[in-house]
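The stops below are meant to be selected in order.

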Amino acid sequence: MTTTRRYGSLIVAALLLVVFVYALYEVQTWSTRSRLFATTITIPAIALAVAQVAREARRLDVIRSVPVEAIVSRSAIAWFAGFFAGLWLIGLMYTIPLFSAAYLRFGAGEAWAKSAAYAAVASAFAYLLFIRFLHIPLPTGVLPLPAVAP
């Protein structure tokens, strides 16, 4: 466990408050009908953001213990970047099995058999759902790999 103060939460809450106030300011030039929906959303959002800022400001003096698992590590960011690099390079249908197997084997420490089985099931699910049933073409990557078609 590590101790930390929650400055990040206060900053995010304050930034959201600023965004909502600015959105309310911007919609005032719209027509009455167009302004109605945006105003209906932004006023409660401002109220909730003010409440969150107040809550985070009150909790700022308290030093909390944060479990090590809750802290975003470089490893998590690397896996995240690797997934999106795979999407960009080779497309979704090739990234699903490769990333699933790699993450389960190297990130989670699972056995190769379990990792491969999960990757196969995830690929079959994505193929059946998106390509066969919904007929949604999935994005291909920048590398010229054969497209997965029905």
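**Whole chain.** This is a predicted model. Show the cartoon: the chain has five helices and two strands, in the order β-α-α-β-α-α-α from the N terminus. Of the 150 residues, 20% are buried. Among contacts between residues at least 6 apart in sequence, 61% join residues at least 24 apart.

**Helices 1 and 2.** Select residues 7-26 for helix 1 and 32-58 for helix 2. Their axes come within 8 Å of each other and cross at roughly 155 degrees. An angle over 145 degrees counts as roughly antiparallel, and helix 1 and helix 2 are therefore roughly antiparallel. Their crossing is left-handed.

Now show side chains where the two helices meet. Helix 1 contributes residues including Leu10, Leu17, Phe20, Val21 and Leu24. Among those on the helix 2 side are Ile43, Ile46, Val50, Val53 and Glu56.

**Helix 5.** Select residues 112-133, a helix of 22 residues. From first C-alpha to last, helix 5 reaches 30 Å, close to the 32 Å expected at 1.5 Å a residue.

Which residues of helix 5 are buried? They are Ser115, Ala119, Ala122, Ser123, Ala126 and Ile131.

**After helix 5.** End at His135, which follows helix 5 and has a positive phi, near 55 degrees.

Notes. Residues numbered from 1 in each chain as written. Predicted model: local features only at pLDDT ≥ 70, side-chain atom pairs only at ≥ 80, totals over all residues. Heavy atoms only, no water. Helix = DSSP H or I, 4+ residues; strand = E, 2+ residues; numbered from the N terminus. Buried < 20%, exposed > 50% of the residue type's maximum accessible area, 1.4 Å probe, protein only. Contact = heavy atoms within 4.5 Å. Expected span 1.5 Å × (residues − 1). Axes fitted to C-alpha atoms, helices over the stretch in contact; angles between N-to-C directions. Parallel < 35°, antiparallel > 145°, perpendicular 65-115°, else oblique. Left-handed = near helix turned anticlockwise from the far one by under 90°.
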